[in-house]
Amino acid sequence: MKISGYQLFWMVFTMAFGMTALFTIPWPVALAKQDAWISMIAASLISLFTTFVAVKLSLLYPGQSFVQYSQLILGKWLGKTILVSYFLMWLSMTGIILREYADFVFLALFSTTPLWTIILIMLGASVYVTYSGGVRSIGRCSEIIGPICVIGSILIIVFSVNDWDWLRLLPVYANTGFVPIMKGSTLPASFLGESFMVVMFIPFMLKSNRAQISSLLGVLFASVAALAMTLVVILIFGPNIPARLIYPLYSAVTYISVMEFIQNVDVLAVLLWIISIFIKLSLYLFITSYGTAQFFHIKKWKNAIYLIAPMAFIISLLPRNFNIEMSYTKFWLAVIYPINIIGIPLLLWIVGTIRKKHMQNSELTPTSQ
Amino acid sequence: MKHRPTAIILLLSCIVITTGCWDRIEISDRVFDLAASADLNENGTTLIAAQFIAPSKIEQSSKGGAGGDKPYFIESGSGKTPLEAIQRMRQKLSRIITRGHRRNYYFGEKLAKHGVKDLLDAFTRDPGNRMRLDIWVVKGNTGLHALQVPYPLEKIPSVAPLKIHKAVGGTAGTTYLDFIMTSSTEGECPTLPVVDIVTGNTQTKTIRFYGRAIFNHDYKLVGYLNFVEGAYRQWILKRISYLDLVEYVPKAGGSVGVVVTKFGSKLKSSVTQENKLKMEIELSGLGHIVENNTNLDLIELKNLNLVQNSINEKMSEHVLKMITKVQKQYGTDVFGFIQALNRQHPREWSKLKGRWDQIFPNIEVTVKVNVNLKYIGLVGPPLQFKESEVRK
């Protein structure tokens, strides 16, 4: 299983873009009104930083995954304790993403099809791609799917141009201020920051020196695309309406009408959503299974999928309604994100760097003597 | 090779799974809702009616054969809320309502005066509804009545208002979104376009684009602007693409008709004293002369300038009169003044926004219309005057 830098770029882009654009826009708009785009820029800076830390951390121990080197850095027991929190996060994320995907499809397309079938079909596709080739086939998939995602978002931009009103972006900054804008950036930053998962892929890189530029570019492009979608939403709906919509980008796409001819292109938004979720889900499925296998020293990591996939399926069926998923998102933002995506990686990076230095020194000392 | 049988079975099962889904509704099980209306009943309940296509009759009427049979029918129901009314209506329908093609919605005048707040939520909440919708107020009549009026040019009459809206230079399809967007902006008041039902000289009833309806913050109808006034209001907001106007030119003793295109508008707000606001409005446009009943030879530049100045002056007066009417009579900001203030003086805006309803009627407004008459048509001196009468 090997992936190239180009594949890593598309993996990170596709995974981070879709959900950020469709799911997180109401949050910055609710807080920062027409300045939500500044929030998105702030979010992209924050997520670039977290990705940078994640990549630097992985490059300390090239060839090893997060599961292995976190135990090296913190020692076996502390490392394992931390990893449990990551497994819980990854597993619950896999389930929740599945459910969020299904809810949207349920609302937008199929309202009498039982939820479990929608979930099962998507899970089946993800399990297939993960089982058949692991990270390599996911990488190849994203190489093909990623550009489709880009074309889809360009089409959204082009089709909606005649509904834009630039005055809706004004006044800049004056109505809101620094604190709301930064608060608004947290949720998109946390979704873009899921690119932290590169810590599990870098060991598979053909050339690990390409890891940094690829993943940072992936996050950057995803942020730019999400920023463009935020602008589209504000330019069409103004500063007040998007905060109350659940999928503002979807609503904006349903509003598209080019010369009374191109209409009802809702499927563009659904397409972005489905393919982005497919990649994201497969990646989560892969890191959870692969990580579990490494954690418990299971020889054949693919066997772990048999365990993880049913668990994800059950988790996805647990939330009683949409509101419970929203409270998971709040929990993710308030607890998981600051600890697992920012705190622990930063800590590991610092401790790891010190250890490395220390080890080098101790290696150097005998030779000098 | 040994996997081939399994692969074939898997592929076949894919076909089985992907072709059918639980949501399949055959086209013969759907009924297409093209326009709907909401009215207030005597007892306070809501009457919802809708115009549906009768597919089997469409062919007939296009052949011109049977005649008499309309390719649409109207069904209605009453209830405490719109959904309850729709439920009563559905009890009479053999098919499932599909709203993907609905472009028009009528509010009866009585309902509009009573307030339309309770009707708005479902338009965006239910994904089956389209947001690109025109909502009309039916002046002096009920929405149901507007649905019933036949229209000679269109097979399905509910297509008519949409096409009229486009033909007169309006922005069709955006009124619903504009309505919720302005009503969610602090201080601003929403408007809707208006139709009324008129009987012409031929004694047949028809639908007419009347103008614009003004609502207050409680979503209650407070007044109307007529067609030209409504067009001026749209001009201020740059939501118009065509306007024809006739103005009297006193210095020439006749009137000149102009078609205006390429609309521009600038709002400039300034805070003069404590809480005293001034709004300078500059409207621009490109004019084509299509009618000249004066004896002026328009090929002469000085005559054209005379007409242009005179028309601009008159229009400025009329626009100002319309704004003053809205300020004094209705006291509702339907021109986006508060947004202009917010864009240009955000600090003053945050001080004044809470009391906008008291401030708006007292804003000092100046209007300057600047239509540039670019084309005079195919005729220089008017043809209906003798050579000696034409003023060079």
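In strand 13 of chain B, Asn372(B) is the bridge partner of Leu286(B). This is a predicted model, where local features need pLDDT of at least 70 and side-chain atom pairs count only at pLDDT 80 or more, while totals for chains, interfaces and linings use all residues. Residues are numbered from 1 along each chain as its sequence is written, chains are lettered from A and ligands numbered from 1 in the order in which they are written, and side-chain values use heavy atoms, without hydrogens and water.

**Sheet in chain B**
- Strand 12 (residues 277-292) and strand 13 of chain B pair in the parallel sense over 11 bridges; pairing requires at least two bridges found by DSSP.
- Helices (H or I, at least four residues) and strands (E, at least two) are DSSP runs, numbered from the N terminus.
- The open sheet has four strands in the order 10-11-12-13 (chain B), with mixed pairing.
- Strand 10 (243-249) and strand 13 (364-375) of chain B each have a single partner strand, so one side of each has no neighbour in the sheet.

**Salt bridges**
- Over all chains, the count is 17 salt bridges, each a side-chain nitrogen of Lys or Arg within 4 Å of a carboxyl oxygen of Asp or Glu.
- One of them joins Glu325(A) and Arg99(A) (3.5 Å, N to O).
- Glu325(A) is buried at 1% relative accessible area, and Arg99(A) is buried at 6%; buried means under 20%, exposed over 50%, partly exposed in between (1.4 Å probe, protein chains only).
- Lys110(B) and Glu42(B) also form a salt bridge (3.3 Å, N to O).
- Lys110(B) is partly exposed at 42%, whereas Glu42(B) is exposed at 77%.
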